[in-house]
Each structure stands twice: as structure tokens, then as C-alpha cells.
Amino acid sequence: MLVLLGCGVVANVALAKTKGFNGGFLMVNIGWGLAVFAGVIVSYASGAHLNPAVTLGLATKILAADGGGDYVEGVPVDFVSTITYIGAQLLGAIIGAVVVWLAYKQHFDDEPEPASKLGVFSTGPAIRSYGWNFVTEVIGTFVLVFVIIGFSNGGTPAELGAIPVAFLVIVIGTSLGGPTGYAINPARDLGPRIAHAFLPIKGKGGSDWSYSWVPVFGPIVGGVIAGLASIPLLPILG
């Protein structure tokens, strides 16, 4: 649901002849935020694990603070559960991207620019500089995971549910999304990039694998740092 609606709003803005063509970056930011909202709602039973960076950040916090053995939503925090979550996240992202292609099939066929087609599926830098692009993804994901942990520490009323996360993703996009398109989620970028590589998209060009490590490892590093930083900082800030 996350990738279907998130990549879907990019398709609506980027592909020629759609109703939302040229809708702008703000439309993409809002669409992605509400896509996260929808994803959190339907994945609530799993603890709303949609993002490997969040999963690893939470696991890092729990293992570093308590030494493991804890449960989140009844699921043990261990290697097996973490790998299971990440595998499911990646599979779901691939499926969501395939459904976006089905929904916009004719528009993909009519779009002359390979870069616009790839941009529906995966992120790319405005200025290509792998080191600085990596830093941007680390910072954006740190904000995401640190604030989400703040939510889970009682920093937001439970009655608001997934709404705060949606606003958080929107503000990360509007504030920090300009340099890289703010993947802030390894599965969100890698899964659709894999789908782009195997789907029979007319005139699609390459999948830009040389950049693909940035939106995978940047968010992982940012999530882990946020998990560690939350241990000393969030109790004080709370």
C-alpha cells in the first residue's frame, strides 16, 4: 500500500498525459505522506513495520538499551524476526511497484523520457555526489526514526494513530527531500528499482544501479544512529 500509493503519486506527476502531470514536488510530498498513513493503517498488526531503517533503528535501540529479549507487538526482537520483516518489506515494495506499472501502463508507453520512468520507481539525486547524497539520506532517515521512536515513547496521543507519521514524512520531504528525493527507506527504493529492472517497460533505459547503494545504506546508517541516540536523548527530552 505504501509503495503503490507513493510511487503512484510520482507516476501521476512525472508521466506525460496523466491528470496530475507537472503537479509539482509538493504534491509528491503530500502523496508520499498519505501513502505512509495508509500503509501504517493496514500494517498495524505487525507494529506498522514498513521500513527496514525503522525496523533496524528500533531493534538497535532495544538491543543496546536492554540487551535484547524484548517483544514489540508480541514479536520477539531478534535476528529472525528482523530478517523476516525486511524480507516482507522488500517483497511488498516490489509488488506495489508492479501494480503502479499496471495502473499507468499506457502512460509509461507514451512517456518519451527514460529518466521520468525510472523516477517513478526509485529516487535519484538532483546533484550527483555519492558522499553528500549519502549524508542527506542519513540525516533524513535519522529524523524519521528518531521522531518515530519519540512517538512510541509517549510523545504523541495514541488516539492520533498514524496521522503524526504522515505529517512527519511530508515535512521531511519538504525540508530535506530536495537533494535526493528522500528515499529514507531501503525497501521503498530497492524494491521498485528491482521491479523497474525486470518489468517490460517500453524504452525504460537503465535502472541506475551505480546509485542504488545510497538509498539503501544511507537510511540504514541513519536509522541505526537514531536508535542509539534515542537511548540517552529521548528520556531527557521527554
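Buried here means under 20% relative accessible area, with exposed over 50% and partly exposed in between (1.4 Å probe, protein chains only). The model is predicted, so to speak for the record: local features need pLDDT of at least 70, side-chain atom pairs count only at pLDDT 80 or more, and totals for chains, interfaces and linings use all residues. Residues are numbered from 1 along each chain as its sequence is written, and side-chain values use heavy atoms, leaving out hydrogens and water.

**View 1. Helix H8, residues 163-176.** Helices are DSSP runs (H or I, at least four residues), numbered from the N terminus. H8 has 14 residues and covers 20 Å from first C-alpha to last, close to the expected 20 Å (1.5 Å times one less than the number of residues). Its buried residues are Pro164, Val165, Ala166, Leu168, Val169, Ile170, Ile172 and Gly173.

**View 2. Zooming in on Ile172 of H8.** Ile172 counts as buried because its relative accessibility is 2%. Setting aside neighbours within four places in sequence, Ile172 is in contact (heavy atoms within 4.5 Å) with Gly140, Val143, Leu144, Gly177, Tyr182 and Ile184. Gly33 is 139 residues away along the chain, and its C-alpha sits 9.3 Å from that of Ile172.

**View 3. Helix H1 (residues 2-14) against helix H2 (residues 25-42).** Their axes, lines fitted to C-alpha atoms over the stretch in contact, with angles from 0 to 180 degrees between N-to-C directions, come within 7 Å and cross at roughly 165°. That makes H1 roughly antiparallel to H2 (over 145 degrees; under 35 is roughly parallel, 65 to 115 roughly perpendicular, the rest oblique).

Methods. Helix = DSSP H or I, 4+ residues; strand = E, 2+ residues; numbered from the N terminus.
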